[in-house]
Protein chains: 2
Amino acid sequence: MIALGATLPSVELWENKPNNKVEFPDGKIIIVGVPGAFTPPCSSQVPGYVVAAEDFAAKGVVGIYIVAVNDVFVTNAWKKNLGFENYENVHFVSDWNGEFTKALGAEFDASGLLGPVRSKRYALVAENKKVQKIYVEGVVTDVDVSSAQNVLEEL
Amino acid sequence: MIALGATLPSVELWENKPNNKVEFPDGKIIIVGVPGAFTPPCSSQVPGYVVAAEDFAAKGVVGIYIVAVNDVFVTNAWKKNLGFENYENVHFVSDWNGEFTKALGAEFDASGLLGPVRSKRYALVAENKKVQKIYVEGVVTDVDVSSAQNVLEEL
């Protein structure tokens, strides 16, 4: 994984629709990498961040970014399907070709289930685009260190 | 594309959930290849097949298979999202690694939007697993020759 203190990769990411680029803001943000939209573990982990969005905001978090190696039609549908369409501070982000995930060193081969390039499950705290904390699950189906509750407690 | 008269590729495909294998039946079937679950053109084309499922059945079609290079969590969510969960004769099929699509010669590079391996838009009629008719859109966003209405009229 990317080193603590390193700058977030500058890779084009989209949300909501094609060519709608994601610009990470200055200030504190959370990036959550997930193996796949609509998969059961991810669909149980991600709502924790949405439900706690105000608690994160109270601790100075200006944006939460859920990043999956899925196309933007899928990430957008997933956000709607979870009922989070109106949560503007929680961004469902498409890393369609995995370039962001690979630049973080978070890719893994999910061939046989999802596809050859997917994201490990991780949570990352960055401030002014510098990586401050990283939590990577040892087993991608686990939701433990990368849970909203854990990340929030350690903020 | 695969030749008329050729046998359908024998590639593992899933529907609804991982490892739930699709077995094409004998008899007449329709296979519809689409570039991407949840994309607007596909989400407008596919319902035509579902709405006309009884008309296809009346012409001897025993199954309709919508095939996308998406993982099975996504194809399953797409079927539910379209409201077609209870249409058992319309199968939403995951060709997660594109092997079926490549074996048909229907792959195209959708890098920059969806991903490097996706399916052209086509409809194919097969009987006893032999290809009888093929309709491939020249432009993948078009829904013309591969529309349910056109395929039904020519059955």
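So, the two chains: chain A goes onto chain B with an RMSD of 0.0 Å, using a turn of 180° and a shift of 0.0 Å along the axis (least squares on C-alpha atoms of residues with pLDDT of at least 70 in both copies). The two copies are thus related as by a two-fold rotation axis. Both use the same surface, with 100% of chain A's contact residues recurring in chain B; contact means C-beta atoms, placed from the backbone, within 7 Å.

Quick caveat: this is a predicted model, where local features need pLDDT of at least 70, side-chain atom pairs count only at pLDDT 80 or more, and totals for chains, interfaces and linings use all residues. Residues are numbered from 1 along each chain as its sequence is written, while chains are lettered from A and ligands numbered from 1 in the order written.

Now the sheet in chain A. Six strands make an open, mixed sheet, ordered β1-β4-β3-β2-β7-β8. Strands here are DSSP E runs of at least two residues, helices H or I runs of at least four, numbered from the N terminus, and pairing takes at least two DSSP bridges. β1 (14-15) and β8 (130-136) of chain A sit at the edges with a single partner strand each, so one side of each has no neighbour in the sheet.

Look at β2 (28-34) and β7 (122-127) of chain A: they run antiparallel, joined by six bridges. I31(A) has L124(A) as its bridge partner in β7(A).

On the helix side, α1 (40-51) of chain A packs on the sheet, touching β2, β3 (61-68) and β4 (90-94) of chain A, and its direction makes about 170° with that of β2(A). Angles run from 0 to 180 degrees between N-to-C directions, with axes fitted to C-alpha atoms, for helices over the stretch in contact.

How values were computed:
Contact = placed C-beta atoms within 7 Å.
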